[in-house]
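This briefing sets out selected computed features of the structure shown below, grouped by topic.

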Amino acid sequence: MTGEEKIAALAAIRDQLGSRIRTGSDLLVVQETRERRAATGLSGLNEHLGGGLPKGHLTEIISERGPCGGGGLVMAAMLSRVRQEQQYVMLFDVGGSFTAESFPPEDLEALLWVGCASPFESLEALDIASRDENFSLFLLDWRNCLRRDWSGLKSSLWYRILGQLREREVAAVLFASEAVTSVAKQKLQVRIPVTCGRLDEERSRLWEELAFSAMQMENGQRREGHKERRQAG
Amino acid sequence: MVSCPDFRLQAVVRRVHTESQAVTLVDDTQRQSVVLSRNEAAMRMGVEIGMKTVQALARCPALQIERPSAPAEIAASRLLLETSLSWVPGIEETEAGMLTLDLSTEPEEARVDSAKRIRGRLYDAGLEVVIGLGETPSLARIAASAARQKGESIWQLVPERRLDLLDGLTLEVAEVGAELKERLSLWGIQTPGGFARLPREAVAARLGEEGVELWLKLTGQMRRPLRFAKLEELFEEHEDFDYEVCDREPLLFVVNRFLDQLIVRVARTGRAATAVHVLLTFANGVCHARRLALPEPALDHEILFHLVSGHLDSLEWKAPVESLRLRFEPSDTVASQRLLFGAGLRNRFQFEDTMKRLRRLVGSERVGSPRMRNTHRPGAFELVPLPSEIETASERGGPPVTGFTLCRWQGRVRAEVRWKSGQPERVASRPVSGIVIRAAGPWHCGGDWWHEGKQWRRREWDVELSGQGVFRLVESEAECFLEGRYD
């Protein structure tokens with residue numbers, strides 16, 4: 001059998017087996033993907049993120065101001081998951097939005113809360129904390145911030161933090177009411193109708209009902225992202 | 001008892017390095033220089049203690065003459081003590097070059113082997129010692145003297161054979177006074193064993209207090225508590241600079257050297273450092289002292305250097321440094337047992353460093369692990385240090401967790417509320433305004449009425465505003481405000 005014939009035979013086998021056959025590089029990608037994801041405790045979110053939060057990256061969870069929200073629920077689920085795994089999480093709370101009574105007391109055992117005065121201060125704090133190997137997740141709560149609060153932030157700071165997250169292979173999640181930065185690997189919008197009648201519903205049921213959708217970057221933001229990358233380069 | 005013969009001489013010139021060389025320690029402070037101490041080689045050449053130095057030189061022209069040195073004696077004392085600390089923790093510095101060790105924690109059968117090991121370590125470090133083992137500090141001292149007299153390195157006064165063994169010694173070993181010794185020799189008593197066999201009452205009647213004291217010593221009935229050496233003052237290094245140090249770089253160089261030395265010394269005792277004390281003296285007379293605590297005992301050079309250098313970096317110098325003193329607070333290496341199934345901080349040193357920097361950035365009152373306070377006051381939580389261990393999550397008891405989380409707004413967001421039949425009908429505020437389509441409440445709460453001027457009372461509603469979400473509305477002190485949004 002000549003070389004060409006062999007290639008043709010392999011192609012025929014591949015056609016017959018379809019997706020059941022995988023190359024070594026495919027398997028490597030799968031393995032790497034599996035290893036570098038941190039489960040969130042929410043199956044819907046895990047699905048959207050391809051298995052969990054990408055380690056070494058920033059993920060944005062956007063919960064718009066309005067009748068539908070869910071950002072706080074996602075935060076509670078992540079906190080609960082990290083506590084179950086007996087790991088530590090650091091929360092950078094900008095604007096004092098944290099409410100201790102909203103979370104089960106045992107979940108708070110794994111939480112280190114850092115109260116920050118501004119988004120810039122929270123990034124500076126994350127810059128310090130992201131060098132620490134003791135924490136497996138960093139949460140930035142900017143839900144109370146407006147665009148003008150973060151618009152002046154230098155992209156170099158974002159990239160420096162990303163570099164450190166990558167080095168430590170730690171995930172960071174930014175909760176905001178609108179898309180913030182183009183350095184985020186993924187931006188997901190969370191939606192669940194928030195009504196008075198659901199305030200007594202079990203949280204586990206609310207978690208199941210959370211709906212996620214990937215956010216498309218606006219043209220302006222994409223241009224801004226390219227500019228940021230050029231500056232960082 | 002660990003005893004270093006001719007301690008002052010050994011402190012200046014290590015005996016093990018000058019076995020063949022005749023060496024003597026002389027006292028130059030008198031009108032005529034005299035010999036204070038000499039080694040074996042000098043003794044063989046006829047050099048005696050108390051002899052004039054000139055006379056000693058006449059007998060031994062190659063005699064090496066040394067003078068006492070207080071720093072060398074301190075260094076030798078530290079070496080003796082630090083090395084002995086690897087044996088037992090309770091040690092008394094009875095005299096210069098003489099330590100009494102509390103071996104009550106050591107199994108009897110292991111004592112001789114441990115003694116040999118310590119003697120070997122000291123010999124390697126240049127000090128030759130003899131070790132006497134006995135039931136009481138006094139008997140151990142006698143045993144050490146016996147070892148010296150018999151030319152042995154270790155001598156044990158076994159309790160079961162104590163009188164027989166004492167029979168083989170002279171009265172000098174028991175440090176008997178000249179007058180008492182003469183009286184005893186007239187009675188025909190030549191050994192401590194013979195004296196210990198005398199009845200106590202007869203000794204008391206004939207020899208008085210001195211005789212009874214000796215009798216109690218030899219029969220093992222004289223016990224006294226040991227005054228243990230303070231370890232925290234032991235592991236210290238200091239330097240008075242001949243020049244003024246204006247820069248951090250040379251200071252860190254000295255710190256590095258000190259840490260190297262202290263780490264070796266503390267490691268020799270099987271311990272670690274729990275804190276480092278730094279004392280700086282500046283040329284303007286100001287002293288800076290600080291205790292730098294470690295999150296857990298450590299002896300890692302990198303960690304300790306980072307700790308000290310980090311502190312020195314944060315220090316503002318107004319004058320050059322004149323002297324530096326570093327001291328280790330020693331502790332046992334195993335300070336706590338970790339939880340069997342728990343997990344915790346991977347790197348406590350890094351964590352402490354992160355905390356320090358975060359506190360500097362946002363303020364110490366804004367970093368910590370939140371805990372609910374024992375009050376019904378909404379939003380009240382306190383910050384505690386993050387636990388270094390996390391136990392396995394237990395099955396959650398009590399009522400299930402319900403509802404959304406409250407995203408609190410900063411400050412009071414005042415709201416104008418239109419009421420209808422005691423229920424909010426319309427809410428107008430800076431961030432949100434609208435018709436209330438559903439409301440839950442009111443919930444009354446209050447507290448601290450037992451504290452004068454601190455009492456609080458409020459009414460809460462959860463209000464759903466048309467197309468805007470659910471908010472917490474609060475009525476307190478005759479005003480209404482929105483506390484936050486459910487998310």
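A residue counts as buried under 20% relative accessible area, as exposed over 50% and as partly exposed in between (1.4 Å probe, protein chains only). By this definition Glu483(B), at 8% relative accessibility, is buried. The model is a predicted one, in which local features need pLDDT of at least 70 and side-chain atom pairs count only at pLDDT 80 or more, while totals for chains, interfaces and linings use all residues; side-chain values use heavy atoms, with hydrogens and water left out. Residues are numbered from 1 along each chain as its sequence is written, and chains are lettered from A and ligands numbered from 1 in the order in which they are written.

**Chain A overall**

- Chain A contains ten helices and ten strands; helices (H or I, at least four residues) and strands (E, at least two) are DSSP runs, numbered from the N terminus.
- Of the 233 residues in chain A, 52% are buried.
- The accessible surface of chain A is about 10700 Å², and carbon and sulfur atoms account for 48% of that surface; accessible areas come from the Shrake-Rupley method with a 1.4 Å probe, and for residues only the protein chains shown count as cover.
- Among contacts (heavy atoms within 4.5 Å) in chain A between residues at least 6 apart in sequence, 72% join residues at least 24 apart.

- Leu10(A), Ile13(A) and Leu17(A) make a nonpolar surface patch of about 270 Å².
- Patches are made of residues with over 30% relative accessible area and no salt bridge, like charges being joined within 9 Å and nonpolar side chains (Val, Leu, Ile, Met, Phe, Trp, Tyr) within 5 Å.
- Leu10(A) belongs to helix α1 (residues 3-17) of chain A and is exposed, its relative accessible area being 57%.
- Ala110(A) is placed in the loop between α5 (105-108) and β6 (111-116) of chain A and is buried, with a relative accessible area of 0%.
- Leaving aside residues up to four places away in sequence, Ala110(A) touches Arg83(A), Gln87(A), Tyr88(A), Val89(A), Leu386(B) and Ile390(B).
- The C-alpha atom of Ala110(A) is 7.5 Å from that of Val82(A), a residue 28 places away along the chain.

**Aromatic pairs**

- Over all chains, the structure holds 15 aromatic pairs; rings of Phe, Tyr and Trp (its six-membered ring) pair if their centres lie within 6.5 Å, and planes under 30 degrees apart count as stacked, over 60 as edge-to-face and the rest as tilted.
- One of these is the edge-to-face pair of Tyr88(A) and Phe135(A), with 6.2 Å from centre to centre and 65° between the planes.
- Tyr88(A) lies in strand β5 (residues 88-94) and Phe135(A) in strand β7 (residues 135-142) of chain A, so this pair ties together parts that are 47 residues apart in sequence.
- Tyr88(A) is buried at 1% relative accessibility, and Phe135(A) is buried at 1%.
- The ring centres of Phe98(A) and Phe381(B) are 5.4 Å apart with the planes at 85°, so this pair is edge-to-face.
- Phe98(A) lies in the loop between β5 and α5 of chain A and Phe381(B) in strand β15 (residues 381-384) of chain B, so the pair joins two chains.
- Phe98(A) is buried at 5% relative accessible area, whereas Phe381(B) is partly exposed at 21%.
- A cluster linked by ring pairs comprises Tyr88(A), Phe92(A), Phe135(A), Phe138(A) and Phe351(B).

**A hairpin in chain B**

- In strand β10 (residues 271-282) of chain B, eleven of the twelve residues are buried.
- β10(B) pairs with strand β11 (residues 287-298) of chain B in the antiparallel sense over eight bridges; two strands pair if DSSP finds at least two bridges between them.
- Ala273(B) has Ala298(B) in β11(B) as its bridge partner.
- Four residues stand between the strands of this hairpin, where Gly285(B) takes a positive phi near 90°.

**Salt bridges**

- The structure holds 40 salt bridges over all chains, each being a side-chain nitrogen of Lys or Arg within 4 Å of a carboxyl oxygen of Asp or Glu.
- Arg325(B) and Glu236(B) form a salt bridge at 2.7 Å, N to O.
- This pair links strand β12 (residues 321-332), which holds Arg325(B), to strand β9 (residues 236-245), which holds Glu236(B), 89 residues apart in chain B.
- Arg325(B) is partly exposed at 29% relative accessibility, whereas Glu236(B) is buried at 12%.
- Glu483(B) forms a salt bridge with Arg408(B), at 3.3 Å between the closest N and O atoms, and another with Arg458(B), at 2.9 Å.
- Arg458(B) is buried at 10% relative accessibility.
- Through shared partners, salt bridges join Glu101(A), Arg408(B), Arg458(B), Glu460(B), Arg472(B) and Glu483(B) into one network.
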